[in-house]
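Keep the structure in view as you read.

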Amino acid sequence: MLAEVYAIRSVFQYREVFSCAETAAPGLCFWMTSLPVRAVYVSLALVFAAALKPSLWQAALSGAAASAVRPQAALLHFAGLALLFAPLWRVPFAELEAQFLLVAPVFLLGAFCTALGALLWLMPLRAWRQGLFASGLFLPATLAAFFALPDIVDATGFLWGDNHLLTRLTFTAVGHVLSVFHADVRSLPEDRIFALNDFAVRVGDPCSGIEGLALITLFMSGYALLSIGSLRLKPYWLLLFPAALLLSWLFNVLRISVLVWLGAFVSPELAVEGFHSYAGWLVFSLLAIAILIAAHNMALFQKTAAAKAPGAASSLAADPLFARIVPFILFMISGTLTPLFWEVPSDGYPLRAALMLLGLTLFWPALKVFNWRAGPLDWLAGAAVAVLWLWTAPESGGSSTAAAPDLFWIACRLLGTVLLVPVIEELFFRAYVLERIADAPGAPAWRRLAGLAVSSLLFAALHDRWLAGAGAGIIFGLLYLRTRRPGGAVQAHMLANALIATAAIAAMDFGLL
């Protein structure tokens with residue numbers, strides 16, 4: 001499908017001699033040129049739905065008809081592709097603008113036959129109906145939303161486009177917050193600029209809060225898809241979703257207000273280079289945790305008795321799913337906190353260690369039931385990862401730095417690197433991401449390969465050295481798949497980090513950690 005989409009777009013999209021604006025129906029033309037990317041959006045949504053929620057498709061794929069060869073559907077698909085390109089055999093690109101209304105029906109028929117043939121080639125209509133509507137209208141509505149995503153973006157463009165409605169609303173709200181605390185704040189509404197002391201900030205379109213709203217929407221959509229069997233969708237979307245959007249916007253207003261105050265009274269560099277860059281991710285992370293706790297533990301949002309009863313304070317701490325995810329979220333939050341308070345973010349590592357320790361301590365009831373055993377093969381793999389990491393380390397001037405870290409910082413760094421980080425990262429990347437994609441041990445081999453690839457790439461993205469990080473992620477992932485227990489990967493990770501830390505201390509090169 002991707003190859004076909006690329007071929008269609010390369011032929012129709014990038015010809016300088018053709019412009020939709022010059023046709024008799026520019027709106028229809030622009031909509032038709034968006035069909036390939038819409039197909040990609042819908043396909044990605046289907047792929048993630050099948051990977052994250054296999055039960056949606058078990059009924060659809062269980063019948064013998066689902067695996068039958070369907071040559072008629074394949075023929076319909078390729079006939080549709082031929083129709084897409086057929087007008088170009090008779091109408092040169094130079095004349096396509098003038099004759100667009102004549103050839104548009106052929107293009108539309110070709111697109112319809114191509115898509116219908118592809119769908120029926122994958123599964124019969126009965127199987128699609130069972131899979132799509134197995135959980136009501138949620139999945140069809142989600143796919144329709146992905147198909148209409150370009151239209152949704154265009155329709156809501158007034159929020160951050162030429163009218164800047166959301167941006168001006170944010171500017172007004174920030175002005176009210178600042179005026180409460182500082183009577184001497186100055187503003188230029190036409191340019192959306194605030195000035196306090198000698199520090200000035202312009203509230204641009206990206207500061208409107210639209211990015212936070214989009215992130216919350218994507219996050220809550222993903223959680224709803226993962227929890228579609230247990231989540232009560234009406235109160236989730238009608239109550240929790242609007243509340244989350246409102247909180248996201250209010251936190252953005254507060255973020256800009258604090259940014260102005262930091263720049264005026266503390267440090268312009270800290271405000272611009274630290275707070276401005278990381279505060280948004282910090283707010284999103286905190287709000288994501290609040291959404292998880294509310295949706296997972298409040299009876300209002302849960303269909304079954306699995307919802308936690310009021311007063312069951314230990315239920316969340318004993319939840320193995322939260323034990324895999326929340327410590328990692330706290331770990332990521334700690335990385336957004338240190339640039340807010342230290343001009344050299346690494347100086348704040350003791351705070352990061354404290355938050356990591358807090359995350360693991362909170363979920364000790366769940367963590368103590370995991371299987372943490374390991375064996376010689378795991379330790380040998382950990383030593384190999386250490387060798388790989390040290391062998392590929394770039395040249396560093398760590399031994400020539402002006403001042404060596406103090407003993408407290410070194411102790412916190414060793415605690416985090418050797419003991420805390422391995423547990424947090426392996427629980428998330430292997431015991432959650434890899435396990436979620438790989439599914440049960442009897443699942444098809446491609447799922448294990450996909451889980452290994454995705455978890456390793458995500459693990460690599462968290463480290464500055466992509467290749468070494470991806471190689472380490474693959475080794476840890478293979479250790480996990482061997483037993484489906486986190487202990488082997490965790491102990492291998494701990495040993496690798498301990499050996500790397502030993503080398504770093506011996507060379508006084510803490511950039512290795």
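The points below cover the sheet, its pairs of strands and its helices.

This is a predicted model, where local features need pLDDT of at least 70, side-chain atom pairs count only at pLDDT 80 or more, and totals for chains, interfaces and linings use all residues. Residues are numbered from 1 along each chain as its sequence is written, and side-chain values use heavy atoms, with hydrogens and water left out.

**The sheet**
- Three strands form an open sheet in the order β1-β2-β3, with antiparallel pairing.
- β1 (186-188) and β3 (199-202) are the edge strands, each pairing on one side only.
- Neighbouring strands are turned by 15° against each other on average, direction ignored.
- Strands are DSSP runs (E, at least two residues), numbered from the N terminus; two of them pair if DSSP finds at least two bridges between them.

**β1 with β2**
- Three bridges join these antiparallel strands.
- Ser187 has Phe194 in β2 as its bridge partner.
- The two strands form a hairpin with four residues between them, and Arg192 in the turn has a positive phi of about 55°.

**β2 with β3**
- β2 (residues 193-196) pairs with β3 over four bridges, in the antiparallel sense.
- Ala195 has Ala200 in β3 as its bridge partner, and Phe194 stands opposite Val201 in β3.
- This hairpin has two residues between the strands, and Asn197 takes a positive phi near 55°.

**The helices**
- Helices are DSSP runs too (H or I, at least four residues).
- Helix α12 (residues 165-181) lies across β1 and β2, at about 15° to β2.
- Helix α14 (residues 233-265) lies across β2 and β3, at about 155° to β3.
- Angles run from 0 to 180 degrees between N-to-C directions, with axes fitted to C-alpha atoms, for helices over the stretch in contact (heavy atoms within 4.5 Å).
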